[in-house]
Amino acid sequence: MKKALVTGASGFLGRHLVEALLAEGCTVVGFDISTPDTSDDHLQWVTGSFLDGELLRDALQDCEVIFHLASTTLPKSSNDDPGHDVATNLQGAIGLLDQAVAAGVSKVVFISSGGTVYGVPRQLPVPEDHVTHPTCSYGIVKLAIEKYLYLYHQMHGLDTCSLRLSNPYGEYQRPDTGQGVIAALCHRALHGETIEIWGDGSVVRDFIYVKDAVAAMLKAMEVECAGQAFNIGSGTGTSINQVIDQIELASACTVKRDYKPGRGFDVPEIYLDISKASRDLNWQPLVSMEEGLARLFDWARKAG
């Protein structure tokens, strides 16, 4: 029964992770700038920024594990102000690692980005040892944080792990955040709105159901990772057109599509090689897109 701190705990991924940790019998400190309306005898909420060192130090008391999910930027907007990205996310992560060492934390699991750290793929599926040439500040900073995690493992013996997550989708994901294409597409389908598609819909991405992603986080908590990075995705590529086809089946709705001119910055195709996570973390995604979308639509209809 571990005690874990989760930054970004009230977000899409964070809510699922908190629920999973509680189900495993862990005590959880949820840390975020907002506090959701939820309670549990083994859950403590701390409202504030992970950049607040004093608040973070108090929250880390007796914690054995940190899951760092919080981020102040998005991939598509991070290039607008790279300095802000570095000052908040990179420096904030270093501060978090310093606090972890001081508090005697034994494990830090960081949620990195499988979609941005590699840049344009030279091979598919993309393995962890692929060259890294991010095309946005978001990916550069994620990669830099990974390097510091490895450094702190070497310097302090802190067991660290970076999970390079593909595109998660599922319940609790908001359609209006600018991150999460499936949530936005499903929202439009449910409300009979036209779906705008940049290009011809052939762009291929790696999508993973959120509970499969969280299962990988729990595996990483239990396995000695020694500063390594792991790809966490479905292991297969799905085009935007195929996603919309699946959405039509899951929603029993005909989706109106409006194809727009393609965007030059969109990587044509990327999906991840997950064999390392399968081997070393003993993890595999279990939920198909068909089943994941059915669960998402069921939740969305109930949520209104």
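Colleague: Hi! Which residues have the most contacts inside the largest nonpolar core?

Modeller: Leu21, Phe67, Leu163 and Ile232 do, in a core of 64 residues. A nonpolar core here is a set of buried Ala, Val, Leu, Ile, Met, Phe, Trp, Tyr and Cys residues joined through side-chain atoms within 4.5 Å. Buried means under 20% relative accessible area, exposed over 50%, and partly exposed in between (1.4 Å probe, protein chains only).

Colleague: And which helix gives this core its largest share?

Modeller: Helix α6, residues 210-222, with 8 residues. Helices (H or I, at least four residues) and strands (E, at least two) are DSSP runs, numbered from the N terminus. Another core lies apart from the largest one, with 24 residues, among them Val46, Leu56, Ala59 and Leu90.

Colleague: Before we go on, what kind of model is this?

Modeller: This is a predicted model, where local features need pLDDT of at least 70, side-chain atom pairs count only at pLDDT 80 or more, and totals for chains, interfaces and linings use all residues. Residues are numbered from 1 along each chain as its sequence is written, and side-chain values use heavy atoms, with hydrogens and water left out.

Colleague: Thanks! Back to Leu21: what is it in contact with?

Modeller: Leaving aside neighbours within four places in sequence, Leu21 is in contact with Ala4, Val6, Cys26, Val28, Phe67, Leu218 and Met221. Contact means heavy atoms within 4.5 Å.

Colleague: New topic: is Ser112 buried or exposed?

Modeller: Ser112 is buried, with a relative accessible area of 4%. You'll find Ser112 in strand β5, residues 107-113. Not counting residues up to four places away in sequence, Ser112 touches Val117, Lys142, Glu146, Leu163, Arg164 and Leu165.

Colleague: How about Glu269, where is that?

Modeller: Glu269 sits in the loop between β13 (257-260) and α8 (275-280). Glu269 is partly exposed, at a relative accessible area of 35%. Beyond residues up to four places away in sequence, Glu269 touches Pro121, Leu124, Val204 and Arg205.

Colleague: In which sense do β8 and β13 pair?

Modeller: In the parallel sense, over 4 bridges. Two strands pair if DSSP finds at least two bridges between them. Across from Ile197 in this pairing stands Tyr259 in β13.
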